[in-house]
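Here is a short briefing on one structure. It covers charged pairs, a helix pair and the nonpolar cores.

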Amino acid sequence: ITENMRSLRNFFLYKCLFALTFLNYISLSMANELFKSVSNDFPEDGSDKKIKSLPLLYTNSHQSKANFDWVVIQNTTESLSLSEITNDNVKKLVALLSNFRQGSRLQNLTLTNMSVDWNALTEVFQTVWHSSIEYFNISSLTQLSDIKSCDFDYSGTSMKALTIKKVLITDLYFSQDDLYKIFADMNIAALTIAESEMLHMLCPLSNSPFKYLNFSKNDLTDLLFQNCDKLIQLETLILQKNKFESLSKVSFMTSRMKLLKYLDMSNNLLSHDAADVQCRWAESLTELDLSSNQLTDSVFECLPVNIKKLNLQNNQITSVAKGMAELKSLEELNLASNRLADLPGCSGFMSLEFLNTEMNLILTPSADFFQSCPRVKELQAGHNPFKCSCELQDFIRLARQSGGKLFEWPAAYVCEYPEDLRGTQLKDFHLTELACNTTLLLVTALLLTLVLVAVVAFLCIYLDVPWYVQMTWQWTQTKRRAWHNHPEEQETVLQFHAFISYSEHDSLWVKNELIPNLEKGEGCVQLCQHERNFIPGKSIVENIINCIEKSYKSIFVLSPNFVQSEWCHYELYFAHHKLFSENSNSLILILLEPIPPHIVPARYHKLKALMAKRTYLEWPKERSKRALFWANLRAAISINLPMADGQWCGETD
């Protein structure tokens with residue numbers, strides 16, 4: 001004992017003088033425990049401003065009786081924390097607190113784990129009320145029994161704030177007024193009773209000095225403070241996590257609180273569905289927390305007109321209808337975790353500076369938000385299921401130009417739809433202007449169509465497509481008529497070795513050179529010439545088609561005159577058509593005279609292609625070479641044709 005006392009004395013030598021006087025004899029073990037507890041409660045730097053968890057000493061019933069009194073030698077402690085208070089040692093607590101009269105330095109008192117009856121509690125309250133203590137905290141108060149009315153002297157107190165948490169009342173039969181009256185009439189600025197299953201609280205009998213009331217985590221209902229006009233100095237009221245249901249009744253509760261500025265009604269069961277019920281709030285109310293309730297869009301019909309900060313987080317709000325609310329003083333609005341499909345406009349919130357719409361159902365937020373809300377300094381719209389499409393492009397462009405007004409941009413702004421873009425930050429999502437601008441897309445498509453039509457029209461004119469269409473139609477009609485008139489003729493019988501196509505300007509060469517040398521030469525050669533073989537009564541086109549069909553070959557006498565003849569063009573087209581339709585090698589080209597390319601019409605592109613790809617016979621100017629020319633030509637048209645007598649033209653005996 002002597003050694004421990006010497007250590008304590010040396011430790012406190014420079015800071016303070018604190019003496020413990022024991023009036024009764026105690027055992028050596030209890031003395032050691034006492035000094036260990038005291039030494040552990042002082043900070044290492046020697047400060048004497050706070051003593052934490054200093055236990056009250058008392059003798060157990062099975063030990064020898066002893067009395068332990070605290071003798072306060074010097075009142076230098078500002079904060080005191082005691083625990084494990086029971087009916088057995090509450091008298092010692094009262095005796096200890098009696099030493100801290102008004103004027104002493106003790107201002108903060110905390111009692112933890114109290115298990116006392118009602119009389120003991122009121123005695124502690126009364127002692128504290130007439131001490132120097134200003135802030136009194138009680139945590140875990142149990143076995144509060146034998147509750148009954150008592151006279152409490154509130155006069156001459158230094159008390160400013162009382163906080164009571166986790167109260168358990170074991171008395172089942174008592175008057176509620178006896179319990180709540182002592183608290184309702186307290187002449188202090190701040191009162192907190194939380195986590196205590198409190199069902200009600202009385203209205204003070206006279207004008208109350210309460211400026212701060214906190215009744216969170218209880219079982220309070222809409223009956224609280226109805227028609228109460230005594231809370232005329234109340235500025236802050238916290239009623240979160242209770243059982244309030246009617247928003248309109250809450251508004252009437254506040255209507256007589258003339259100085260109320262802050263109201264916390266979060267985590268209740270509030271709703272407002274009756275449109276005909278008028279709300280009447282305290283005009284002084286500027287900050288209201290209605291988060292985590294059951295409020296819908298109609299809540300905007302029941303809000304304080306002078307509100308500056310409004311928290312509606314975690315409700316069931318789907319939209320803010322234009323003109324529904326006129327909150328001209330509203331500066332901060334929290335609509336996070338609701339069911340909004342778009343950003344609200346500011347038609348009713350012209351002073352809005354901060355807006356939170358995180359974790360809603362916003363797919364494509366409006367791009368005109370900052371235009372309708374010019375005073376907004378910060379928008380929190382992240383963590384929504386954004387649909388990355390053309391409609392979102394304007395908002396993304398606005399976000400890039402917002403100058404930091406978009407909170408947590410770009411990390412909190414991520415594509416949710418479509419699935420192939422899920423996880424892509426909006427800043428990395430891009431679509432072309434053409435893909436998103438419908439008008440531009442239509443104009444572009446129209447221009448491309450016009451250009452395509454113009455190109456097709458030009459090609460049609462340049463390549464004489466209408467002429468080819470007409471020829472194809474005539475070919476088809478001729479074939480159809482032939483099949484209709486003679487369906488038994490499934491196969492065309494060849495009658496001529498060759499059909500001759502030439503210009504009238506070249507007819508002398510055909511009649512004087514070509515026909516005589518082929519028909520009067522060796523062998524039997526049958527040539528088809530339009531002057532002698534066209535059938536009267538049929539159209540020229542039909543005659544051309546029939547002659548080409550019945551001829552083994554088609555001989556084209558090419559010259560500048562040929563390319564200027566329309567009928568020669570017809571004959572060349574139909575012969576070319578036969579070439580592809582029957583997959584035959586039936587064309588023979590004779591170049592009578594050279595043809596300058598510039599005089600060949602555009603529609604003669606097939607002739608150009610034939611001359612470029614196929615071998616043609618050129619009429620030789622030297623007589624010595626003509627014999628070979630005729631020999632080659634006869635060989636090209638050589639074929640056996642049936643004759644009327646049953647023999648074959650071209651056969652020899």
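D428 is partly exposed, at 43% relative accessibility. Its salt-bridge partner is K427. The model is predicted, and every value below is computed from it.

**Salt bridges**

- The whole structure holds twelve salt bridges.
- The side chains of D428 and K427 meet at 3.0 Å, N to O.
- K427 counts as partly exposed, with 33% relative accessibility; D428 is partly exposed too, at 43%.
- R532 and E519 form another salt bridge, at 2.2 Å, N to O.
- R532 belongs to helix α13 (residues 530-533) and E519 to helix α12 (residues 507-519), so this pair ties together parts that are 13 residues apart in sequence.
- R532 has a relative accessible area of 42%, which makes it partly exposed.
- E519 is also partly exposed, at 25%.
- D185 pairs with K181 through their side chains, at 3.6 Å, N to O.
- K181 is partly exposed, with a relative accessible area of 38%.
- A network of salt bridges links E353, R375 and K377.
- As a general point, side chains of opposite charge can pair when their charged atoms come close.

**Helices α3 and α4**

- Helix α3 spans residues 90-98 and helix α4 spans residues 118-129.
- Their axes come within 9 Å and cross at roughly 5°.
- Angles under 35 degrees count as roughly parallel, and α3 and α4 are therefore roughly parallel to each other.
- On the α3 side, the contact is made by V90, K91, L93, V94, L97 and S98.
- On the α4 side, it is made by A120, E123, V124, T127 and V128.
- The residues of this contact divide into seven nonpolar, two polar and two charged.

**Nonpolar cores**

- The largest nonpolar core has 109 residues.
- F125, F136, F183 and L290 have the most contacts inside this core.
- Helix α4 supplies the largest share of the core, seven residues.
- Another core, of 20 residues, lies apart from the largest one. Among its residues are A498, Y502, I588 and F629.
- F183 touches F125, L162, I164, L191, I193, M201 and F210, leaving aside residues up to four places away in sequence.
- In soluble globular proteins, nonpolar side chains tend to be buried together.

Methods:
Residues numbered from 1 in each chain as written. Predicted model: local features only at pLDDT ≥ 70, side-chain atom pairs only at ≥ 80, totals over all residues. Heavy atoms only, no water. Axes fitted to C-alpha atoms, helices over the stretch in contact; angles between N-to-C directions. Helix = DSSP H or I, 4+ residues; strand = E, 2+ residues; numbered from the N terminus. Parallel < 35°, antiparallel > 145°, perpendicular 65-115°, else oblique. Contact = heavy atoms within 4.5 Å. Nonpolar A, V, L, I, M, F, W, Y, C, P; charged D, E, K, R; others polar. Core = buried A, V, L, I, M, F, W, Y, C linked by side-chain atoms within 4.5 Å. Buried < 20%, exposed > 50% of the residue type's maximum accessible area, 1.4 Å probe, protein only. Salt bridge = Lys/Arg side-chain N within 4 Å of Asp/Glu carboxyl O.
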